[in-house]
Amino acid sequence: MKKKRMRKKKNISVKAHKKGKHIIRAREKAAQNVSPVVEKYWFQRYNLFSKYDEGITMDEEGWYSVTPEQIAIRHALRCVAATAKPNPVVIDCFAGVGGNAIQFARMCCYVVAIDIDPKRLELAINNAKIYGVQHCIDFIVGDFFQLAPSLKGDIVFLAPPWGGPSYKSIENFTLDFLKPRNGFTIFQFAQTITPNIIMFLPRNVDLQQVEELSWLSSPPLEVEDGIWRIIFKAFKAAIQAHDERMACGFQEVCKVKLFFMRVL
């Protein structure tokens with residue numbers, strides 16, 4: 001009887017603990033104005049920004065469009081490894097809330113971060129301050145396509161909007177779905193700045209179009225296939241990465257999580 005009572009007390013204690021956690025999370029979400037649209041991204045907040053609790057700020061679009069921190073770090077590492085300059089200038093053409101710009105700056109790059117939305121750029125400035133790299137980034141409010149002729153840099157980073165979370169439902173994501181213009185136009189504007197270009201595209205992108213895009217460059221663009229699996233358990237993210245270089249055949253379509261494209 002005593003054992004049964006002890007078990008009941010333990011079960012009640014566990015349930016109360018879980019209920020308490022749910023209440024705390026609900027209060028946190030309410031305090032941060034987390035809408036149902038971005039709720040699942042809120043649970044992944046430490047994967048997006050490891051310093052989230054130190055004052056990171058995002059708008060609704062930022063929640064679902066910011067590059068997860070570990071992937072942004074990978075982008076930055078490849079930039080540093082591929083250029084001979086000690087402090088290369090990276091132009092982040094669609095900076096958003098600053099996820100990529102921050103990691104480029106942390107890797108000793110000087111960054112020009114552009115976004116057409118002044119409010120979103122204010123969020124990026126705040127986030128850069130939290131990581132202590134605001135002095136390495138020039139934040140510019142403006143239209144990339146209008147600014148491109150006057151921009152100078154060693155590397156252009158392109159992470160144009162994919163159209164929101166609904167992009168996942170598109171079986172064959174063509175470059176026409178990219179915002180604010182199609183992928184071919186965006187890439188050609190980037191080429192007026194430098195031949196060194198990184199373009200971040202979704203896993204369901206049309207592979208034939210990626211191949212066509214690669215031939216706009218001379219020499220042809222190198223396409224790297226990164227296989228990334230993000231696993232969340234107990235609200236902790238474990239990221240496993242595996243890379244394989246792909247030739248023009250583009251096999252293993254079903255395994256592709258993202259395309260990391262570069263001309264370096």
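This is a short tour of one protein structure, stop by stop.

**Before selecting anything**

The model is predicted: local features need pLDDT of at least 70, side-chain atom pairs count only at pLDDT 80 or more, and totals for chains, interfaces and linings use all residues. Residues are numbered from 1 along each chain as its sequence is written, and side-chain values use heavy atoms, with hydrogens and water left out.

**The whole protein**

Show everything as a cartoon. The protein has ten helices and eight strands; helices (H or I, at least four residues) and strands (E, at least two) are DSSP runs, numbered from the N terminus. Of the 264 residues, 45% are buried. Buried means under 20% relative accessible area, exposed over 50%, and partly exposed in between (1.4 Å probe, protein chains only). Among contacts (heavy atoms within 4.5 Å) between residues at least 6 apart in sequence, 66% join residues at least 24 apart.

**Stop 1: helix H6 and Cys108**

Select residues 99-106, which form helix H6. Seven of its eight residues are buried, so H6 is largely enclosed by the rest of the structure. Those buried residues are Gly99, Asn100, Ala101, Ile102, Gln103, Phe104 and Ala105. Their cover includes H5, strand E1 (89-92), E2, H7, strand E3 (137-141) and E4.

Now select Cys108, in the loop between H6 and strand E2 (110-115). What is its phi? Cys108 has a positive phi of about 70°, although it is not a glycine. Most residues other than glycine have a negative phi. Cys108 is partly exposed, with a relative accessible area of 46%.

**Stop 2: Val80**

Go to helix H5 (residues 69-82) and pick Val80. Val80 is partly exposed, at 35% relative accessible area. Leaving aside residues up to four places away in sequence, Val80 touches Met107 and Cys109. Val80 and Cys109 are 29 residues apart along the chain, and their C-alpha atoms are separated by 7.7 Å.

**Stop 3: Arg120**

Select Arg120 in helix H7 (residues 118-130). Is Arg120 buried or exposed? Its relative accessibility is 12%, so Arg120 counts as buried. Show side chains to find the polar contact of 3.2 Å between Arg120 and Glu61. A polar contact is a pair of N or O atoms within 3.5 Å; within protein, one must be able to donate a hydrogen and the other to accept it, and residues adjacent in sequence count only if both atoms are side-chain atoms. Apart from residues up to four places away in sequence, Arg120 touches Asp59, Glu61, Gly96, Val97 and Asp115.

**Stop 4: Pro180**

Pro180 is in the loop between strand E4 (155-158) and H9. The peptide bond from Lys179 to Pro180 is cis, with omega near 0°. Most peptide bonds are trans.

**Stop 5: helices H9 and H10**

Select helix H9 (residues 183-191) together with H10; they pack at an angle of about 25°, with their axes 11 Å apart. Axes are lines fitted to C-alpha atoms, for helices over the stretch in contact, and angles run from 0 to 180 degrees between N-to-C directions. The contact is made by Gly183, Phe184 and Phe187 of H9 and Gln209, Glu212 and Leu213 of H10.

Finally, select Asp206, which caps the N-terminal end of H10: a side-chain oxygen of Asp206 lies 3.0 Å from the backbone nitrogen of Gln208.
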